[in-house]
Amino acid sequence: APETELTTIQSLSAEPQSPPKRQFGAPSTVKPAVKQGFQGGNVMEIEEFDENDIGTPIESVTVAPSAPSNGIGPVVARNLKKLFYGDKLLPRSWATQGLYFNSTLQYGLVQEEGGPCGVLSVIQAQVLKQLLFKVDSKNGKLTVNKETSQLSSSVSAEHQMSALCAAMVDILHMIATQSRTNSRDTVLLATLSKEAQQQMEKTQQPAKFKLDEFVVLPFDNSTSLTNYLLHNHLQFGMHGGSGMLQFVISCVLTKVGSCEGDLAAPFLADMGSTTTTLIGAHDYSTQELVNLLLCGKAVSHVHNAGDQQLQGVDLQGIPDKCEIGFLTVMERHGYLKVGSNLKCPEYPIWLANAESHFTVLFATELVDTTCTDDMIDLYYYDQQYQQTDQYRLTVD
């Protein structure tokens, strides 16, 4: 794709950092056996999936007595809606957003309507992590993934699916390990019912669904979860489907560690408010939801944990250095301060927030994330505007 060089911009201030340490899983090397290409929701055939890869059902994932079939049931569905959007209807832009790739810049996901950019940008950042970097098997050091780091060229369907599934697994696993109420570190994945999956596969159209009919499957290891996602990619990657919503529900249930009781309680411990929702005004992702996907905590602030207080009470912030960073124009205007745990992440990939919209900035080389180098090149990707050109920014 053509590349456009934007004007040089002044570097952002950064706090001194100790050498980064790996927190979560390294970029995945899982490669599905591809027989047919995947692009924009088309079918990719994967080697046969072993149903034994699904984790052993646990008591906390048992179906509520009033649930039809083996769906999550109306009680959990109501609790999810309340946590997402209060008493309002779930926005269409969230219910019909699949996880599929740009046909021109083939490393990029596509956002169909305004609203869920915060969620998609975090997934996008994790996809780029998988494509750009890997851990050297000989010395354990982080290196550039030469096989897929040339993003100006096309990205194969095989690498697209491998990166997307690994991105979803890394986020879900991180949330599970950070949860105070998920003692088994089990990932709870929201999936379509078998009937809905069969309908989608037969018609090659998004399946009609009801929130209370989603089926929750527990996974106790990353390998089995990855295998399931690769085999069932269509329900998450279908254009106009519910893939992104299923992923967000999975993140919520994984944090809670259960499909029962008050889903809001574990979030209250992070947010400190009973009125905060995960979807905000104009259907935007709230900072709490973005932070959940970045660090496993649905906190409301972006400073380092313990750095700020209000009347002697700690304002909960980001507890540890994150894999993916966060930058916002709100800091430039003096409204808040982004802490080093987000400003100087493990990987040179940042969410960029301006005017309530989230996009992604990233380097294709292993640069110092404190931006103390004389000059670095970053690339910009906006998943909403059908971007066809690569934009390169030189940060001085």
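Modeller: Start with the rule. A salt bridge is a side-chain nitrogen of Lys or Arg within 4 Å of a carboxyl oxygen of Asp or Glu. Side chains of opposite charge can pair when their charged atoms come close. The model is predicted: local features need pLDDT of at least 70, side-chain atom pairs count only at pLDDT 80 or more, and totals for chains, interfaces and linings use all residues. Residues are numbered from 1 along each chain as its sequence is written, and side-chain values use heavy atoms, with hydrogens and water left out.

The count comes to six salt bridges. Lys-129, Asp-170 and Glu-323 are linked in a network of them. Take Lys-129 with Asp-170: their closest N and O atoms are 2.6 Å apart. Lys-129 sits in helix H3 (residues 117-132) and Asp-170 in helix H4 (residues 157-178), so this pair ties together parts 41 residues apart in sequence. Helices (H or I, at least four residues) and strands (E, at least two) are DSSP runs, numbered from the N terminus.

Now the other link. Glu-323 pairs with Lys-129, and here the closest N and O atoms are 2.9 Å apart. This pair links distant parts of the chain, 194 residues apart: Glu-323 is in the loop between strand E7 (313-314) and strand E8 (325-328), and Lys-129 is in helix H3.

How covered are these residues? Buried means under 20% relative accessible area, exposed over 50%, and partly exposed in between (1.4 Å probe, protein chains only). Lys-129 counts as buried because its relative accessibility is 0%. Asp-170 is at 11%, so Asp-170 counts as buried too. Glu-323 is also buried.

Another of the salt bridges joins Glu-331 and Lys-343, with the closest N and O atoms 3.0 Å apart. Glu-331 lies in helix H11 and Lys-343 in helix H12 (residues 340-343), so the pair ties together parts twelve residues apart in sequence. Both Glu-331 and Lys-343 are buried.

Helix H11 (residues 329-332) also holds Met-330. At 35% relative accessibility, Met-330 counts as partly exposed. Met-330, Tyr-335 and Leu-336 form a nonpolar surface patch, with about 310 Å² of accessible area together. Patches are made of residues with over 30% relative accessible area and no salt bridge; like charges are joined within 9 Å, nonpolar side chains (Val, Leu, Ile, Met, Phe, Trp, Tyr) within 5 Å. Accessible areas come from the Shrake-Rupley method with a 1.4 Å probe; for residues, only the protein chains shown count as cover.

Next, a helix pair. H8 (residues 243-256) and H9 (residues 264-271) pack at about 85 degrees, with their axes 8 Å apart. Axes are lines fitted to C-alpha atoms, for helices over the stretch in contact, and angles run from 0 to 180 degrees between N-to-C directions. H8 and H9 are therefore roughly perpendicular. Val-252, Lys-255 and Val-256 of H8 make the contact with Pro-266, Phe-267 and Asp-270 of H9. Contact means heavy atoms within 4.5 Å. Angles under 35 degrees count as roughly parallel, over 145 as roughly antiparallel, 65 to 115 as roughly perpendicular and the rest as oblique.

Last, the whole chain. The secondary structure comes to twelve helices and twelve strands. Of the 396 residues, 54% count as buried. Among contacts with a separation of 6 or more, 67% come from residues 24 or more positions apart.
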